[in-house]
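Hi,

Here is the structure I promised to pass on.

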Amino acid sequence: MAQVSQYGKWTLSSSDDEDADSSSQTTSKTQDQAKHLTTDGNSTEGLFLHGAAQNAKASPSLVTKTEESPEPVVKTCNSGTGSEARQAAHANQVNREKFETKVTSSSAKRKKEPEDTGWALSSSEDEGESAKSGPVARRKARSPSSKRTKLEDTRPVSPHGASYYKEEPLEAFETSLLPNDTFCFYLNRVTGIEKKFNAGALHIKEILSPLFGTLKESVQFNYCFDLNWMVQQYPPEFRDKPVMIVHGEKRESKARLIQQAQPYTHIRFCQAKLDIAFGTHHTKMMLLWYEEGFRVVILTSNLIPADWYQKTQGLWLSPLYPKLPEGSSPSEGESPTNFKSDLMDYLRSYRAPELEEWILRIGEHDLSQTRVYLIGSTPGRFLGSDMERWGHLRLRKLLRENAQRVVNEEAWPVVAQFSSIGSMGVDKTKWLAAEFQHTLTTLGKGGKVSTNPEISMYLVYPSVENVRTSLEGYPAGGSLPYSIQTAQRQLWLHSYFHRWSAEVTGRSHAMPHIKTYMRTSPDFTELAWFLVTSANLSKAAWGALEKNNTQMMVRSYELGVLFLPSAFDMTTFKVQKNPFPATGSCTSFPVPFDLPPQHYTSKDQPWIWNIPYTQAPDTHGNVWVPS
């Protein structure tokens, strides 16, 4: 079927031949930029969309076409970290094109453009993030002796051009100790927005600042890595401290990641086991061991520059955990939310000897001040009581046992916001409005099983217009890897979509890579609970019931934290009206975007990364053209 909007026509085939699970995995590692296709996506100066590369017949590309004399396009392809699927997609090049009033055929455009930039797009669908690396855009007029050129040659490439590696002024990262924040939930700093909206937001350099502790050693769990950049985010006095990288790369992409670390003798690796097809290591967490204690950071950003530049991201920063007295049992220092034992269980799920010392270290510290619940996913097929240890059944269990009932609960809608979408079946009853809605609408013991179609579900996902008018322009879509192959199987889903709008945090034009889920009051002024996580809207991330609901299958590693009012001695959370500038401790919750969400207009279409958008230029004058 064909659908028409102000951005042109796109045709969806009615073929349902491909396996739904396989198609759902097409999310590609643009999850965090151009890396994922179903969960997140970002890219470094070349766009790599992971995942459904085999299924995608055309990969998105950004072409910069000058109106008079087109700049040359350098079709280079620097390989960074990435899956085999991503590497197979290196053949798909993305070129930047300037918007022209006259429409020329794509073949003519290619003839006129010598070479200027290339993006490698890969596709893998369930939870890929953004391109872990890609070609660098080089301008024809740039001096070969330029130091910037030399620097870019040593880094993964980015679809954002020269600004991708632009350094913030040093004073921007002069960290002062944070106020005694009630929830320890923060947004990342965003370049290009009003200053007040960054007051109380954090950059990675601040998280690793010595003001938070004297670092001895750290672990970085993530999906995409730029190790050169990552090392520079540590303050000079900590740059030679041991760092372990926990990743999910295999074969060639693993070799590339290890090659990135060759200059750094203090970096070592731990490979996450991915035994189920289409699974990814999507967890984003830092374990920071200080002379003064221990800290955990659970976040939504990849360890690449673009994820910390002009995207909306979120993180939970734990308190500083002091060391327990010598001879204490590992079970001591537990929190009312069982965070300590749950974190150690999550690390054990990796079955990695490299993490054993960190499990012991956690056991030696007092985590009793933690007031959030840990919700993780880990690959496997689980039976019996193990079904409730991971994924959405873990969330369901916590909501059943610890959430508080509310008056008129069936009128309380669910809001889910994400940056990538997997395959959910031919209609909503296959997963979304069945087992997943049952989980999201569970509220306290004795609550009703709510698969009631009357309960509203708001799905917040950027529209084409959101992306076009964003700070990054069309390249922001590389981190929103919803593929045409997946979309064509689930047109029913699009009626749920609501636009991204974040005036309340000044981030309406900073496309979201954050993922949040919540249950709100009918007037959107209160929350029954709030979750920030790495998990996108996909079965691979959250798990799916099998064998007549007797088995739970999860493909990917994910991690997030759940905020329940009862853990903060509240009945509900009040939604904070003005989160910025942050002024100190507050008992209302800082939701990152505007409530209530606004439904797509008749002209809106969900952003789909691997179809062209040529009828209107983005904020940088570019159009988006699959190669």
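Which residue takes a positive phi in the hairpin of E10 and E11? That is Gly293, with phi near 155°, in a hairpin that has three residues between the strands.

Some housekeeping before the rest. This is a predicted model, so local features need pLDDT of at least 70 and side-chain atom pairs count only at pLDDT 80 or more, while totals for chains, interfaces and linings use all residues. Residues are numbered from 1 along each chain as its sequence is written, and side-chain values use heavy atoms, with hydrogens and water left out.

Back to the strands (E, at least two residues; helices are H or I, at least four; both are DSSP runs numbered from the N terminus). Strand E10 (residues 285–290) pairs with E11 in the antiparallel sense over five bridges; pairing takes at least two DSSP bridges between the strands. Trp289 has Phe294 of E11 as its bridge partner. E11 also pairs with strand E12 (residues 314–317), again antiparallel, over three bridges, and there Ile298 has Trp316 as its bridge partner.

E11 (residues 294–299) is largely enclosed by the rest of the structure, because six of its six residues are buried. Buried here means under 20% relative accessible area, with exposed over 50% and partly exposed in between (1.4 Å probe, protein chains only). Phe294, Val296 and Ile298 point one way, Arg295, Val297 and Leu299 the other, and all are buried.

Next, a helix pair. The axes of H10 (residues 391–402) and H11 (residues 432–440) come within 8 Å and cross at roughly 35°; axes are lines fitted to C-alpha atoms over the stretch in contact, and angles run from 0 to 180 degrees between N-to-C directions. H10 brings His392, Leu393, Leu395, Arg396 and Leu399 to the contact, and H11 brings Glu435, Phe436, His438, Thr439 and Leu440. Contact means heavy atoms within 4.5 Å.

Trp492 sits in the loop between helix H13 (484–487) and strand E17 (497–498). At 18% relative accessibility, Trp492 counts as buried. Leaving aside residues up to four places away in sequence, Trp492 touches Met424, Gly425, Val426, Asp427, Lys428 and Leu432. Lys428 is 64 residues from Trp492 in sequence, with 7.3 Å between their C-alpha atoms.

Last, the cysteines. Searching the whole structure gives zero disulfides, a disulfide being a pair of cysteine sulfur atoms within 2.5 Å. Cys224 is buried at 0% relative accessibility, and Cys270 is buried at 0% too.

Cheers
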